[in-house]
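Trainee: I would like to learn how to read the ring contacts and the sheet in a model such as this one. Could we go through them together, with the general idea before each case?

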Amino acid sequence: MQPPIRVRFTAFVGAVFLAALGSAACSRGTGGSSSANGGPASGTVIKSGVDLPLSGSDASDGVPTENGAKLAVIDANKQHLMAGYTFVADVLDDAVNGVHSPNQGAKNIQSFASDGAVLGVVGPFNSNVAKAEIPLSNNLGLALISPATTNPDLTKGPPALQLRTTNPSSITFFRVCATDDIQGPAGADYAGKVLKLRRAYLLDDNETYGRGVSDQWARQFIADGGSVVGHDHITKGQQDFHALLTRAGGLHPDVVFYGGTTSTGGGLVRKQMADSGLGGTAYFGADGIRNDEFLKVAGTSASDVYATVAAINADKLAAAKTFLSEYQDQFHQPVGSYSANAYAATMVVVHAIVDAAKAAGGKMPDRAAVLEKLKTTKGFPSIIGSFSFDRNGDTTNKIISIYEAKNGAWMFLTQQNYAK
Amino acid sequence: MSALLSLRSVSKTFGGLAAVKSLSLDVERGAIVSLIGPNGAGKSTVFNLITGIYAPTDGTISLDGRALNGMKPSAVAASGIMRTFQNIRLFAFMSVLDNVMVGRHVRMRAAVWDGAFHTPSARREESAVAQSAMQLLEFVGLRRYAHEWARNLPYGMQRRLEIARALAPEPSLLLLDEPAAGTNPAEKQALMDLVTSIRDRGVTVLLIEHDMRLVMGISDEIHVLDYGEKIAAGLPETVRRDPRVIEAYLGKGA
Amino acid sequence: MADIHQFFQQLINGVALGGVYALIALGYTMVYGIIELINFAHGDVYTLGSFFSLSILGLIPLSHIASGPALGLIALVVILAAALLCGIVGVLVERLAYRRLRNAPRLAPLITAIGVSLILENIMQLWKGNSEVPFPQFLPDRWHIVGGVKFDDRAVLVVAVSVAFMIALNLFVFRTRLGKAMRATAQDRDAAQLMGININSTIAWTFFIGSALAGVAGFISGMYYGTTFFLNGYQAGLKAFTAAVLGGIGNITGAMLGGFLIGIVEAMTSQYISDQWTSVVVFSILILILVFRPSGLLGEQVPEKV
Amino acid sequence: MLGGALRRRVRWLPFGLSDAPLSRLLVGVAVVIVLAMIPMLDRNSSHISAFADTGYVMILAFGLNIIVGYTGLLALGFAAFFAIGSYTYAFLASPQYGVHLSFWPMLLVSAAVAAIFGLLLGAPTLRLRGDYLAIVTLGFGEIVPQVFQNLDKYTGGPDGIAGIDQPRLFGYAFGFNPTPYYYLYFVIIVICLVLLNNLRNSRVGRTWMAIREDELAAEHMGINTTSAKLLAFSLGSAFAGVAGVIYAAKLSTVSPSGFDFNTSVMILAAIVLGGMGNLIGVLFGSAIIGLLNFFVLPQSSNWAHSLGTALHMDFLQGVDLNAYRFMIYGIILVLVMLFRPEGLVPSAARRAELHAEQEAGAGIALQEQAEFGADIP
């Protein structure tokens, strides 16, 4: 006498596993993501991965940057750079709960690596995400070109060497923006020499980028004759800064420097400064707050606010004219600080792929070949000016621009090239 | 020969309220001793004092000459006193067999790794315990339900299962808290037989019961509590005729 | 001197923050008192309160209204509307998610409450997105200086509104029939039922009042911080729960006291230890209180039934 | 006859496998073979990666199931122990301190460290009532990631620790290839299943369940409930420690944000969905939650985006189902608790067997009851 229910259970177990298996098999090859290309895809697809924070507070940084990368892919296809091949931007979001996440970034790189059609990745936006991704890209031999990560330790010196765990001698991480050892001091010079500020209170979000840029800023600010009256860290996800800012108010600063992004609290801090008696105090930050989200969150407090950006202002460049008009036509929204950089970064990747393909006789190149081409990039003409990558993977084009928030908008003040 | 369980001037007060007042009581080895009294007389408090739920405010409780004061319930159980509960407390979503086996745990030695790796010694122990548990279930007449959830048994059987569980570690003393509550006359008779045969296995029984026929039928000795005080003690016939007992049960002027 | 000023300045920050915590803590404590459930979703009802306020304010052409009294009236209307809507949400949650489980093992409604919390958070995310939402600052920016300590109208508003609602709640619970019914149900549900009290409606009212107070807290925190965020309720709810436990859970006065104390502890930690450690300090207090004095500051020790 | 053969037990098998009838062993072996073949059938490594990640959900769910399912203690901050396990490995096998211990012994070290923290938290708190315990563990779950975040000199702060070492086995480097991790999880899960099933049917397992069913009665049966609960708590935490090591190694990075309340909720949802206290249920529950989290939701966002591109419907481009996965967990928790508190997989098999052994009309009113603590087939 066989109990019938056991048979049913056995069948159930089997059925569920078969179903799982079936779904796995069926969905094979559908790992594609949102993509943009000019016209219908034709021929073999070559992907450029795009890893940026695209949701929540970080979206106001990530989305304009993503647009820049997408536009580059569209243009590359229009120009028919490679016969028989179509370029596709494969976009992944590295924000979790609306804030950039190193864990998610690492996961994204792993999924790019698992797709043979991805020959290079544009991104990430945030330095701590890059810190988690570089060891992976180094191990996997997958090129990573960041439009916006500015922490110097990602490319220079022993800390950078430590990130290249598998192949210390091989560079896989490149960037087309300047770094915080330039951005920080440039901002400090402006604060001290132009705005004549003397007493700075520093606040950072304790992330790679925020901590680094505030230290760099402070060093130069002191060198310029100013003094730092206090330096505190805030915690991600914090909402109430009244107590912290009240304490800061007791130190009587004439400028508060914030190292971090809007998503980690840059806007909220500015907004709550007014409640704590710091309403009339200047606010200085770096590229992490130079976005629309900051203006939205800070509201009426978004004035007397200064921010540096480690990239050129595309509005001022003749070479970027077509880019700017195309961008408007395509996306109907303002360009971000790093849209043009993302366009340039994507173009560098695309051209490296094309060059590598030429060297391989028109066949689809492998990642190592693309990497080699990137390493030897010299005098690459781009909409943000012509640049090369140095032996660390940094751009030779080191421009810092400075902005001020006034009446709910960012106004361009000045920019300077720090290339030696 | 000294008594198995002895309470010496045990008192327990809750706030200002005395639940048990200076109670002394001996339970002789191999006897069936009953504790009776009207509701609220403090009988269950006595059980809770013996088993370590409450610490006595005053007095000493000892088993076989060893003091139990201040022991946790688990230590009391380990020293050889097992109990049942007035409102049945079985492990509802465990099998009947598992319930009895849990009762035997005090005497088992298998540790985590023995359990996880099913070491030979653990396996031997496990099957020996399962076998003796099956024998106990046979003894209380529940063998055929060994693999049923405890909660699926009817009320009377749950009472018997609780007894089997309490007998599992071969205790020297068994405390039964109103085992006949809610059972029908036929079940009562079976219960009387069961309690007698438990005594015949060499387990001393201390019983709280309301059913006078049952108490009078099986007890070797009866202690009567009223308002936390012992008002009478002795053989069933003596207690039955005691005017203070009659008064306590039926009220003055009865 | 400066140190003393700093201390009082922080005290004001702490009291303002504490007022918000206290209002939320009241809901935890009332619900726990009556059905012994940690209503995990309560913190999200608070955030919902600020979202409701935001939407109602969006309907009012604020820029056309200039006079002070009219703005005050608007504030009052928005508070009451947010309270009403949150109260309704609270009652719905109780009806749909908790009532069925009133006699289930304790863990079941707690797990359900976590589920409800997640659902509410995601509804808010769908509604307003997952970034900070600015809150209209329609009250004039007026500063007061008392003995060298500066504070603005919004701090006054937060403290005044929270204290006013706490007084109202106390009067309600101790002076009205429904309040009596709530206290009786909290004492002994079965006995209360035998005395002719409608248990279901009493519990529903408890949820309504607790959630309405959270709604009020949502409005004033929106005014105070100038922004709101769909996940705010999680941390704020936990801290308010800590406040309720600190004061003695089930005890209304205790919840208020606990709320203000937690607020002050946060501000002082920020001033004298480090702002980064405020959450750790608060949650350590939670653990220590539960371990060493589960009855809290004002609660009574209730022995478990054997 | 065949039925009889299938019900027979195979005496010579070790580790208690011989206690299961042949039929179940055959089903088990078949399932194991099928699952072991998945990486050969599906060569998309991002799929394999998703399946592998489901493995850590399963191990965590096993651990939490000991605490919540077997022993009936509601622990809400379980991710804290996952974090402790991950960071222990990250400290001792990364450039952070320049220490590079081998992966394999670290599985045990991290398990032990997590278990010790389980003991430290449990010792003072396990006597608390159920819902208070839940809140204490929740508080602990909040504190741990905050501490990792704030002690930036030692832990890398909010950025966490990157460049964590990856396992090698007999010279074979796992690297970032998900397939070896899939098999590693696979082997560990099979071992866990066998050991946990044994444990459940042993003295320790029965003790836990007795505490869950009636703590006072268990105490009166001579069970030291405090030490039994501590054992459950620390053993459950040890599972989280093991999961943490593999998780950190596979991702090669840890940061505090990976261990927040949401992670604890995900694991709780997994065991509630499958059926608390029931191993097969927990396995199914965590498989469903894991696949949903790592496979279905990320894919479905892509599908929505592709559809949006194809149909020129812009709003579909913005769809991000991933961001709403906690909505799904919330709905799961509420619906399961309201309508099916025993979870999706009640152990029908065991009950059927029991019924078959009883004579018809045994006089027991069998009710359709929730089956906590059901057996594994």
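Mentor: Let us begin with charges and rings: a charge sits over a ring if NZ of Lys or CZ of Arg is within 6 Å of the ring centre and within 35 degrees of the ring normal. This is a predicted model, in which local features need pLDDT of at least 70 and side-chain atom pairs count only at pLDDT 80 or more, while totals for chains, interfaces and linings use all residues. Residues are numbered from 1 along each chain as its sequence is written, chains are lettered from A and ligands numbered from 1 in the order in which they are written, and side-chain values use heavy atoms, with hydrogens and water left out.

Trainee: Over which ring does the charged end of A:Arg290 sit?

Mentor: That ring belongs to A:Tyr403, whose centre is 4.1 Å from the charged end. In chain B, the charged end of B:Arg165 sits over the ring of B:Phe91, 4.7 Å from its centre.

Trainee: What is the order of the strands in the open sheet of chain A?

Mentor: Strands (E, at least two residues) and helices (H or I, at least four) are DSSP runs numbered from the N terminus, and two strands pair if DSSP finds at least two bridges between them. Here seven strands follow the order S9-S8-S10-S11-S12-S13-S14, with mixed pairing. Strands S9 (227-233) and S14 (409-417) of chain A are the edges, each pairing on one side only. Within the sheet, S12 (residues 305-309) and S13 (residues 399-406) of chain A run antiparallel and are joined by five bridges, with A:Tyr306 standing opposite A:Glu404 in S13(A).

Trainee: How is a pair of aromatic rings described?

Mentor: It is described by the distance of the centres and the angle of the planes. Rings of Phe, Tyr and Trp (its six-membered ring) pair if their centres lie within 6.5 Å, and planes under 30 degrees apart count as stacked, over 60 as edge-to-face and the rest as tilted. The whole structure holds 53 aromatic pairs over all chains. One of them, A:Tyr190 with A:Tyr306, is tilted, at 6.3 Å centre to centre and 45 degrees between the planes. A:Tyr190 lies in helix H6 and A:Tyr306 in strand S12 of chain A, so the pair ties together parts 116 residues apart in sequence.

Trainee: Are A:Tyr190 and A:Tyr306 buried or exposed?

Mentor: Buried means under 20% relative accessible area, exposed over 50%, and partly exposed in between (1.4 Å probe, protein chains only); both A:Tyr190 and A:Tyr306 are buried.
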